[in-house]
Amino acid sequence: MVGIQFLGAAQSVTGSRFFLTVNGQRLLIDCGLFQGRRKLRQRNWEPFPVPPDSLDAVVLTHAHIDHTGYLPRLVKEGFRGPIYCTPATADLLSLLLPDSGHLQERDAFFANKKKYSRHDPALPLYTEQEARQVLKHLQPVIYHEPKALTEELDFEYLHAGHILGSAMIRLRYTHSGAQKILFFSGDLGRSAQPLIKDPETIEKADFLLLESTYGGRTHQQVDVRAYLEELVQQTLQAGGSLIIPAFAVGRSQRVLYFLRELEEAGRIPVLPVYLDSPMAVRAVSMYCDNLDEHDFEMSQLMAKACPLESGSIHLVKSVEESKALNEVKSPCVIVSASGNLAGGRILHHLKNRLADSRNTVLFVGYQPKGSLG
């Protein structure tokens with residue numbers, strides 16, 4: 001018998017959590033944090049609908065916090081089983097989860113300091129140290145290698161093309177003597193995008209659970225390179241700088257790739273490009289190191305040098321280096337997190353440069369309702 005219960009990402013685009021019972025096995029597909037409006041964030045504090053210690057395993061699609069950010073709380077409340085993910089997702093979680101715990105602690109600290117919380121004292125959902133406990137449970141599974149959970153149940157990862165390590169889940173189980181296939185898409189990337197492999201084609205499935213964050217919209221067909229080229233040229237002619245809020249993992253690296261590509265083609269001048277996000281900087285090295293994730297173009301470029309660490313790209317690491325960008329008056333490009341202005345160094349760059357009409361702010365990602373972006 002198979003049962004599916006939607007514990008998140010239903011009637012919202014955040015907090016992905018799917019409780020699955022298959023032939024007696026109790027699985028959680030993704031374990032995300034609710035983000036965005038206060039009403040959504042409050043759901044993170046509600047008792048988990050399924051006793052965490054009753055779960056046999058968690059299977060993750062990718063590392064973004066809206067798909068993984070509740071894991072520390074799940075472990076804190078008693079989950080002791082394996083957490084399956086791709087190797088690159090495991091690498092990214094070593095960055096994202098401790099950072100999420102740090103932010104939880106920071107928010108609680110300021111809530112107590114400023115006395116704006118209804119709770120006294122305000123507490124973090126989980127701490128950085130509690131987030132690190134999750135890493136002990138991670139069990140990497142490579143693409144296209146079936147992982148048996150029982151004699152009648154296994155799963156396999158396929159490329160999803162969303163971010164480094166992102167995957168679709170093909171779950172196979174036996175029902176009434178026949179094999180059935182249940183697919184979880186996770187977040188899907190677009191085809192023919194740089195850096196990582198395209199989403200694979202699903203050839204057969206009995207049931208498909210498909211993510212649909214953008215399901216209610218029709219996107220214009222935009223030549224991203226041409227659009228970026230036009231904005232850089234316009235901003236340069238005005239004597240300003242281009243400020244790009246971008247999520248640290250995925251979008252930031254893709255922006256760097258496009259800028260380097262336009263420079264090498266002579267379509268834009270060679271300008272200083274500053275990547276100002278400690279997490280995004282560390283993710284750059286992960287994108288360069290995970291060779292099995294690269295698409296053909298990225299593999300060809302890697303034969304010479306990592307295209308994300310070359311040319312005019314400056315990887316800003318320290319707070320002092322970030323503050324020094326305030327003194328850069330000549331035209332440049334600053335890519336900084338977070339992508340929806342929920343926090344991070346991007347807020348300081350906007351405070352410093354937004355009033356100057358010569359500058360351009362370019363949003364390159366989805367802006368959830370309730371976010372500053």
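Visitor: How many bridges join strand 13 to strand 14?

Guide: Four, and the two strands run parallel; strand 13 covers residues 273-276. Strands here are DSSP runs of E with at least two residues, helices are runs of H or I with at least four, and both are numbered from the N terminus. Two strands pair if DSSP finds at least two bridges between them. This is a predicted model, where local features need pLDDT of at least 70, side-chain atom pairs count only at pLDDT 80 or more, and totals for chains, interfaces and linings use all residues. Residues are numbered from 1 along each chain as its sequence is written, and side-chain values use heavy atoms, leaving out hydrogens and water.

Visitor: Which residue is the bridge partner of Asp-276 in strand 14?

Guide: That's Val-316.

Visitor: And what order do the five strands of the open sheet take?

Guide: The order is 14-13-15-12-16, with parallel pairing. Strand 14 (313-316) and strand 16 (360-361) sit at the edges with a single partner strand each, so one side of each has no neighbour in the sheet.

Visitor: Which strands does helix 7 lie across?

Guide: Helix 7 (residues 251-264) lies across strand 12 (242-245), strand 13, strand 14 and strand 15 (333-336), at about 170 degrees to strand 13. Angles run from 0 to 180 degrees between N-to-C directions, with axes fitted to C-alpha atoms, for helices over the stretch in contact. Helix 8 (residues 278-289) packs on the sheet too, touching strand 13 and strand 14; contact means heavy atoms within 4.5 Å. The direction of helix 8 makes about 105 degrees with that of strand 13.
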